[in-house]
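Welcome to my notebook, reader. I looked up a few places in this structure and wrote down what I found at each.

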Amino acid sequence: MDFGFTEEQQALRELARKILADRVTPDRLREIERSDEGIDRELWAELAKANLLGSCLPESVDGSGLGFFELCLLLQEAGRTVAPLPLWATLVLGALPLAEFGSAAQRERWLPAVVRGEAFLTAALFEPDSLDPTRPTTRAERVDGGWRLSGEKLCVPAAPVAARVLVPARFASGGVGMFLLDPHADGVALERQIATNHEVLGRLVLSRASVADADRLGGEQEGQAAIRWLADRAVVALCALQLGVVERALEITARYVAERRQFDRPIGSFQAVHQRAGDAYIDVELIRLTTWQAAWRLDQGMPSTGEIAVAKFFASEAGHRIVYAAQHLHGGIGVDVDYPIHRYYLWAREIELTLGSGARQLERLGEELARSPATAAIG
């Protein structure tokens, strides 16, 4: 792949960076963290006004018609500012699968509203008794005119504000489907949860929750592949967020060690600091390389199972090392919640464990090698 960015990609990234850098300040972050929603709706409206929310969506729904790679550039910039926005939830978990698998009526109903910043979407991928989104234990029962969903979903991002939640569920036949669920419908109990990084999540308990036929995505035969399609993009999008988080954490640390003086010298001049920061820099570049490779291959429609697992492995393992080093090099101020570096540590830890830790990615690579040893090599 060509690791250079096109002029259009550069322009998107620069616009996103300007808007986010201007508006996401420590004071604003503290204000949003004290709110019930945990979302900066004013900033969301600014991104919509700049058409950044529609960057990855088709022109037929008022989007820009760009691809998944460009969406990852936007997420990287959001990670750099640890912006309190449901970009991953709305665009990756909700809008992308709707654009790919939704009916014309579903796309027309929800995607223009996403582009305008008027609707939040999300997906419920996590269950207490299933680590694999493609193997849900939530059940879908056929009834006259629709479906009834029963099960439990945990840590659903943006669930309290979402207009619809995409819910994977298993049919009696053993197949899997995806459904657009109103989180406030009859049969749905929604409980607010708070993540490590202060993000507001939701726990959904479904007791024969009603979903109309018109709110089902695709057919039974394509359900498993559709959920795998979504899960792969969700993982790589997390890697892009993590890239922004650790990249900015290291920049903040570099500035600090250049200014902080001890024994009449900047501590950045000490060999031990050089070594720790140098190792962190190499880790950032590992995340950058593997993330862009996986994102590009997905965007090109190429087989990417190994590349995705490798990208998430480094986003998890190297991401942990980077933010730990950043806090260590800051000394005591690194754990002070009035100083910004602590948010980067919390975000990195949250991303590290979401959709599989580094150890889980190694398991996934092993499973892929066991299935097809001749073709599982990373391209």
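**Entry 1: the cavity.** I began with the lining of the largest cavity, which consists of Ala124, Leu125, Glu127, Ser130, Asp132, Pro133, Pro136, Lys153 and Pro168. My terms come from a 1 Å grid over the protein atoms alone: a cavity is a set of points where a 1.4 Å probe fits but cannot get out, a pocket is an open set with protein on both sides within 12 Å along at least five of seven lines, and lining residues have an atom within 4 Å of a point. This cavity holds about 40 Å³ of space, and a search of the whole structure finds one cavity of 30 Å³ or more. Volume here is the space filled by probe spheres set on the points, with grid points joined across faces, edges and corners. By class I noted five nonpolar, one polar and three charged residues in the lining. In this scheme Ala, Val, Leu, Ile, Met, Phe, Trp, Tyr, Cys and Pro are nonpolar, Asp, Glu, Lys and Arg are charged, and the others, Gly among them, are polar.

**Entry 2: ground rules.** I kept in mind that this is a predicted model, where local features need pLDDT of at least 70 and side-chain atom pairs count only at pLDDT 80 or more, while totals for chains, interfaces and linings use all residues. Residues are numbered from 1 along each chain as its sequence is written, and side-chain values use heavy atoms, with hydrogens and water left out.

**Entry 3: the second largest pocket.** I read off a volume of about 320 Å³. Of its 16 lining residues, Val24, Arg80, Thr81, Arg248 and Tyr344 are the closest to the centre. Helix H7 gives the largest share of this lining, three residues. Helices (H or I, at least four residues) and strands (E, at least two) are DSSP runs, numbered from the N terminus. The lining has eight nonpolar, two polar and six charged residues.

**Entry 4: Glu247.** I found Glu247 in helix H7. Is Glu247 buried or exposed? Glu247 is buried, at a relative accessible area of 11%; buried means under 20%, exposed over 50%, and partly exposed in between (1.4 Å probe, protein chains only). Its side chain makes a polar contact of 3.0 Å with the side chain of Arg80. A polar contact is a pair of N or O atoms within 3.5 Å; within protein, one must be able to donate a hydrogen and the other to accept it, and residues adjacent in sequence count only if both atoms are side-chain atoms.

**Entry 5: the cores.** A nonpolar core is a set of buried Ala, Val, Leu, Ile, Met, Phe, Trp, Tyr and Cys residues joined through side-chain atoms within 4.5 Å. In the largest one, of 100 residues, Phe68, Leu71, Leu87 and Trp88 touch the most other members. Helix H7 (residues 223-259) supplies the largest share, 20 residues. I also noted a second, separate core of 19 residues, which includes Val156, Leu181, Ala209 and Val211.

Entry 6: Beyond its neighbours within four places in sequence, Val257 is in contact (heavy atoms within 4.5 Å) with Pro266, Ile267, Gly268, Val273 and Leu329. Gln193 lies in strand E6 (residues 188-194) and counts as buried at 18%. A polar atom of the Gln193 side chain lies 3.0 Å from the backbone nitrogen of Cys155.
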